[in-house]
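Q: I would like to learn how to read the features of a folded chain one at a time. Could we go through a model together, with the general idea before each case?

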Amino acid sequence: MKLREQMDKKERLVIGLMSGTSADGVDAVLVRISGCGVGTKVQQLGFITTPFSDEVRQRILEVAGGGYGGSSEICRLGFLLGKIFADSCLALCEKTGVLPSDIDLVGSHGQTVWHIPEAEGYLGGPVRGTLQIGEPSLICEALGCIVVSDFRVRDMAAGGLGAPLVPYTEFLLYRDEGRDVALQNIGGIGNVTCLPKGCQLSDVFAFDTGPGNMVMDQLVAKLTGGRQSYDDGGRLAGGGSVHPALLGWLMEDEYLRLPPPKTTGRERYGSAYVEALLGKASAMGVSLTDTLATATCFTAACIEKGIRGFFPRMPGRLVVGGGGARNPTLMGHIRRLLPETEVLCNEDLGFDGDAKEAVAFAVLANEAICGIANNAPGATGAAHPVVMGKISQF
């Protein structure tokens, strides 16, 4: 269907695709979206996760580490991921009984492999940038519909950090007239959104709190000799003890003191960071299990520091989503550190926490084809609202 015809539709079947910094796989959600802007209504119809093979995940992490591959590698990986994304859409259609030809639109975040939020010197000039790969034309060809992708670059062109992007959809779907609401996602990186009661979009702000699961996941892989890629149920961290001195060293991280807007990723909290942490733990005589327990507490402490340090007042409710919400040890630390705030999961409110970010990119794509600015400048630091997303038309 041509773009002009899509723009005139009042209701659309939209697939949202998300692959985060943990590079575990592709989340694909099918939603029915009616309206746009503050009148947006979303009904979730189906959700699947397509795990990456160990080989694909390892290659993504190598490329995203910045020290592996070049243009040839990125080209190959980008087209491979595009095929994986397309196959995920087709699998979702099969699961939900919807024909691919019935899909109106796909919003694909892609896979972030590098992010430069702050200007760096390059060839005589300052450069900022971001790179998400996963060729959208392959999705377009497989489903025969419009695909919106590569959202972050337009916000960066307007002076923003290109992240976080989910706050715009959180404003549409979670705002509350009667109380301040905070929404914390714990994926590879943690990010929080502040929705003051009765807010307008201009009142919304958000920022990355620091590491989410990223540091914990790397420690789990080391602790289990690669047999586990994450701390299932928080059991490994729960079997250790938080080391106060090591936690104090972690909390000296300069990122935690930077004021919003701010964003971070694997370039800061990747393998080099974990090696430095392991070196410090070894010097302090801290076991690997206790190091994991401390890193788990650190993720929660980063969230607390961000909320207490940068929110205008303590929120009445904190809604936690992402993989970290399924870690009882981590959630216990968050509740302990924020006793005055009601801490819930998305599921407690009838939302699907696993699908939340994929839903966000379905909504962002819907806004894009309606010509509605879909960034939140208070979250990203952009100079003005912009319409994010590049359109691949069938």
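A: Let us begin with a term needed for what follows: two elements are in contact when heavy atoms lie within 4.5 Å, and angles run from 0 to 180 degrees between N-to-C directions. Please keep in mind that this is a predicted model. With those terms in hand, look at helix H13 (residues 328–337), which lies across strand E7 (181–186), E10 and E11 and runs at about 155° to E11.

Q: What is the order of the strands in the open sheet of five strands?
A: In general, strands of a sheet pair through backbone hydrogen bonds, and the pairing is either parallel or antiparallel. Here the order of the open sheet is E9-E8-E7-E10-E11, and the pairing is mixed. From one strand to the next the twist averages 20°.

Q: Why is one side of E9 and of strand E11 (342–345) left without a neighbour in the sheet?
A: E9 and E11 stand at the edges and each has a single partner strand, so one side of each has no neighbour in the sheet. For E11, the pairing with strand E10 (residues 317–321) is in the parallel sense and extends over four bridges. Within that pairing, Arg 317 has Glu 342 in E11 as its bridge partner.

Q: At what angle do helix H3 (residues 71–96) and helix H4 (residues 136–143) pack?
A: Two packed helices are described by the angle between their axes and the distance between the axes. In this model H3 and H4 pack at an angle of about 35°, and their axes are 7 Å apart; H3 passes H4 in a right-handed crossing. On the side of H3 the contact is made by Phe 79, Gly 82, Lys 83, Phe 85, Ala 86, Cys 89 and Leu 90, while H4 brings Leu 138, Ile 139, Ala 142 and Leu 143. Sorted by class, the contact of H3 with H4 has nine nonpolar residues, one polar and one charged.

Q: Which residues of H7 meet residues of H11?
A: The axes of helix H7 (residues 214–223) and helix H11 (residues 271–284) come within 10 Å and cross at roughly 65°, and the crossing is right-handed. From H7, the residues Val 215, Gln 218, Leu 219 and Lys 222 meet Ser 271, Tyr 273, Val 274, Leu 277 and Leu 278 of H11. This contact of H7 with H11 divides into six nonpolar, two polar and one charged residues.

Q: How many cavities of 30 Å³ or more does a search of the whole structure find?
A: A cavity is a space where a 1.4 Å probe fits but cannot get out, whereas a pocket is open. The search finds one cavity of 30 Å³ or more, and about 40 Å³ of space lies in the largest cavity. Its lining consists of Phe 207, Thr 209, Leu 256, Lys 262, Cys 302, Lys 305, Gly 306 and Phe 310. Helix H12 (288–310) and strand E9 (205–211) each supply at least two residues of this lining, and H12 gives the most, with four residues.

Q: Which residues are closest to the centre of the second largest pocket?
A: The second largest pocket holds about 740 Å³ of space. Of the 29 residues that line this pocket, the closest to its centre are Arg 57, Gln 58, Leu 61, Gln 218 and Arg 266. Helix H2 (54–64), H7, helix H10 (266–269) and H11 each supply at least two residues of the lining, which divides into ten nonpolar, nine polar and ten charged residues.

Key:
Residues numbered from 1 in each chain as written. Predicted model: local features only at pLDDT ≥ 70, side-chain atom pairs only at ≥ 80, totals over all residues. Heavy atoms only, no water. Left-handed = near helix turned anticlockwise from the far one by under 90°. Nonpolar A, V, L, I, M, F, W, Y, C, P; charged D, E, K, R; others polar. 1 Å grid on protein atoms, 1.4 Å probe; cavity = no way out; pocket = protein on both sides within 12 Å on 5 of 7 lines; lining within 4 Å. Points joined across faces, edges and corners; volume = space filled by probe spheres on them. Pairing = 2+ DSSP bridges.
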